[in-house]
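The following exercises are to be worked through with the sequence and the coordinates at hand. Each task is followed by a stepwise solution.

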Amino acid sequence: MTTPAAPTSVRHEVVVDAPIERAFSVFTQGFGSFKPPEHNMLGVDIAETVFELTEGGSVYDKGVDGSECHWARVLAYDPPNRVVISWDISPQWQIETDHAKTSEVDVRFIAEAPDRTRVELEHRNIDRHGDGWEAVREGVNADDGWPLYLHRFADVLAA
């Protein structure tokens with residue numbers, strides 16, 4: 001699942017038994033179906049995770065009380081091949097409002113067969129977060145970071 005990456009990037013991939021269009025759709029429209037509920041910066045439980053399906057859109061969590069936590073921006077949206085989002089979360093695991101201090105998550109979908117898709121995820125430019133960026137890299141690369149997201153994503157597609 002993991003390929004070597006630059007020190008300021010992490011890469012993970014998963015192959016799923018699903019057509020490319022379905023894999024892309026579940027990853028974007030169904031992001032909340034595999035995002036761990038404990039990955040939450042709201043003060044309340046998450047009612048839903050919204051992934052706006054357009055360049056310039058947002059990815060955010062809506063709390064059960066109606067509050068919102070916007071933690072990513074959609075930088076590129078090219079269905080069913082690629083989506084790029086920002087990572088607007090600081091090394092202190094707080095929302096980063098300075099876009100110059102955010103990294104990018106580039107997700108590519110490659111059809112290996114009509115019903116089989118390889119999903120390659122690269123979280124790059126992590127050093128843009130400034131002091132403490134290594135903690136961001138370690139967090140997103142840890143077992144409960146992107147590997148967990150991709151494992152749960154594959155489980156959703158297999159169900």
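**Exercise 1: Asp88**

Asp88 is found in the loop between strand 5 (82-87) and strand 6; strands (E, at least two residues) and helices (H or I, at least four residues) are DSSP runs, numbered from the N terminus. The model is predicted, so local features need pLDDT of at least 70 and side-chain atom pairs count only at pLDDT 80 or more, while totals for chains, interfaces and linings use all residues. Residues are numbered from 1 along each chain as its sequence is written, and side-chain values use heavy atoms, with hydrogens and water left out.

Task: Determine whether Asp88 is buried or exposed, and identify its side-chain partner.

Solution. 
1. The relative accessible area of Asp88 is 5%. Buried means under 20%, exposed over 50%, and partly exposed in between (1.4 Å probe, protein chains only). Asp88 is therefore buried.
2. The side chain of Asp88 makes a polar contact with that of Ser86 at 2.9 Å. Such a contact is a pair of N or O atoms within 3.5 Å; within protein, one must be able to donate a hydrogen and the other to accept it, and residues adjacent in sequence count only if both atoms are side-chain atoms.
3. Contact means heavy atoms within 4.5 Å. Leaving aside neighbours within four places in sequence, Asp88 is in contact with Trp71, Ala72, Arg73, Gln94, Ile95, Glu96 and Thr102.

**Exercise 2: Arg108 and Val119**

Solution. 
1. Beyond neighbours within four places in sequence, the contacts of Arg108 are Asn81, Arg82, Arg118, Val119 and Glu120. With the same exclusion, those of Val119 include Arg108, Phe109 and Phe153.
2. The side chain of Arg108 also makes a polar contact with the side chain of Asp106 (3.5 Å).

**Exercise 3: Backbone features**

Which residues does a cis peptide bond join, and what is the phi of Trp93 and of Asn125?

Solution. 
1. The cis bond joins Pro79 and Pro80, with omega about -5 degrees. Pro80 is in the loop between strand 4 (68-78) and strand 5.
2. Trp93, in the loop between strand 5 and strand 6, has a positive phi near 60 degrees although not a glycine.
3. Asn125, in the loop between strand 7 and helix 3, also has a positive phi, of about 60 degrees, and is not a glycine.

**Exercise 4: The largest pocket**

Task: Describe the volume and lining of the largest pocket.

Solution. 
1. On a 1 Å grid over the protein atoms alone, a pocket is an open set of points where a 1.4 Å probe fits, with protein on both sides within 12 Å along at least five of seven lines; lining residues have an atom within 4 Å of a point.
2. The largest pocket holds about 300 Å³, a volume being the space filled by probe spheres set on the points, which are joined across faces, edges and corners.
3. Of the 16 lining residues, His39, Trp87, Ile89, Trp93 and Tyr149 are the closest to the centre of the pocket.
4. Helix 3 (133-141) and helix 4 (146-158) are the elements that give two or more residues to the lining.
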